[in-house]
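Welcome to a short tour, made to be followed in your viewer. Have the selection tool ready, and we will go from stop to stop.

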Amino acid sequence: MTAISSAEPTRRDFLYIATATVGAVGGAAALVPLIGQMNPDASTIAAGAPVDVDLAPIQAGQIIKVFWRSKPIFIFNRTPNDIKLAQDAEWQSFRDPQPDSARVKSGHDQWLVLIGICTHLGCIPLPHQGNYDGWFCPCHGSQYDSSGRIRQGPAPLNLPIPPYTFTSATKIRIGDSGTGEA
Amino acid sequence: MSGHATYQPQNGFMKWLERRLPIGGLVYSSFIAYPTPRNLNYWWTFGGILTFMLGVQIVTGIVLAMHYTPHVDYAFNSVEGIMRDVPFGWLLRYVHANGAAFFFAAVYMHMARGMYYGSYKEPREVLWILGVILFLLMVATGFMGYVLPWGQMSFWAATVITNLFSAIPLVGDPIVSWLWGGFAVGDPTLNRFFSLHYLLPFVIAGVVVLHIWALHVVGQNNPTGVDAKDEKDTVAFTPYATVKDAFFVSLFCIVYAWFVFFIPNYLGHSDNYIMANPGQTPNHIVPEWYYLPFYAILRAIPNKLAGVCALGGAIVVLAFLPWLDTSRVRSANYRPLYRQFLYIFFAAVVGLGYLGSQEPTGGYVIAARLLTIYYFGFFFVILPLLGLLETTKPLPNSISESILSKSAAASSPSGAKV
């Protein structure tokens, strides 16, 4: 830059500011595609369409695992004892307090549908293990109850509920909350 | 660099080149005439070992990439193809996989030496911070390389480590999805990890140049921690340091080769010879041994965000070591209390490593918590206080004086070798 100071902006000042601005804006704009390309691509999103699951073959007490958007989905056909344990628990004192009724569709207490990914660091918890009639994560020892709520260990949150809707008494569609929102 | 003036090109071509690109003079001043403290012990050879290992990893990595396919359906089989079909493929892969372990073993020795002899202290702060950056780059490179064979441990290591970012409030989940390029670890993740695993070693090489540059500006530390004052304190880099480095690299390679040829899978996990299965987490997932202390710190803390912060903080705190250590005396040889606490610190890190390999239950968690408290207590309580409270031993006036007094005291002829 020139050492001569003048009150009037010179053509050189204009060129300097204009070049710096174009460089800064252009550099920032170039980052958008470079960073954005790492987001899920169209084929990945398309493969994440809703899936239909027939619940009829699932026995009482059985937990099955299906995949939606590459995530394991647990479907638990709960026995009356599992439901009673889940409903009677003192949920107000839990780390992520939720009543059992907020974790199932009303009128379908028997069916618990969860994303089977530990909310700690993403491992798949093992069914029918741990102290709470639910799941035990082998990676860092988190334990979930028969409502998929975190009861012990490092995980901060309950196992999440995917969007799903009952299309009939024994069929669900995962990925479709029934409100038109996927 | 001041040695430049003393370089006299011997033949016509070098004279011609030197007037156009003075690379001969740079090499001469940096690696031949460069004055190195005459009392350096073998702990100072790990820098050379690390440079050698970086070269080994880059060369074997480039040839392995010629036979590897970064796709979820082919990656595992292409690695098995390297093991069974590619000529010498088994050797190259074992050299590369064990090379990562030996690279980390050497860097831990190098860091321990820096901590013992106070090599991070004024004026070597930038040199030390560049070293911490190099360590972080090594951790990232090693992690992404471990994902590439696409075995069970690869897949679940990728899942657990990328999920560390989900602990960030608000933007955690979008960041994790962006890292994956999908709804879970999958093909896009494997592809980008391969791309970055190929890139990062060259970034490491670039930072190594800065690291050596900074080293040559401030000069090497030495076991007394006293600055070299005159020519009596130093010897020429070549032949003294070069030969010593080369000798110890050879010894290091004997152990390395023993692992490669006789127990190549000793440091690995058998689960990684099972192809990745996104539906089944192995019953006991553990990282490679060189990450175990940090993994133990992560598991010791019963809160996700705090655990992730502690994991990152355990490495980042090293960058602040030059300011957390308030003592002006560099070498632990003259700091009796610091030396005790430092040995306990090294033992705590090894202990955390052991606990990181065990199931996260009961007494193991409690022990890991105690050692984690010591780990951070060492940096944030012990080091700042020690500098104020400790009575240090008298320092020698110079490097040559410390050597002469030692050889005068020594009755054995080995003391007179300098």
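Two residues are in contact if their C-beta atoms, placed from the backbone, lie within 7 Å. With that in mind, select both chains: 23 residues of chain A are in contact with 28 residues of chain B. On the chain A side, the residues touching chain B divide into eleven nonpolar, eight polar and four charged (Ala, Val, Leu, Ile, Met, Phe, Trp, Tyr, Cys and Pro count as nonpolar, Asp, Glu, Lys and Arg as charged, and the others, Gly among them, as polar).

This is a predicted model, in which local features need pLDDT of at least 70 and side-chain atom pairs count only at pLDDT 80 or more, while totals for chains, interfaces and linings use all residues. Residues are numbered from 1 along each chain as its sequence is written, with chains lettered from A and ligands numbered from 1 in the order in which they are written.

Next, select residues 171-174 of chain A, which are strand β10 (strands are DSSP runs of E, at least two residues, and helices runs of H or I, at least four, numbered from the N terminus). A:Ile172 and A:Ile174 make up its covered face, A:Lys171 and A:Arg173 the uncovered one.

Now move to chain B and select B:Glu359, in the loop between α14 (336-356) and α15 (362-389). Leaving aside neighbours within four places in sequence, B:Glu359 is in contact with B:His284 and B:Tyr364.

Methods. Buried ≥ 20, exposed ≤ 12 C-beta atoms within 10 Å, placed from the backbone.
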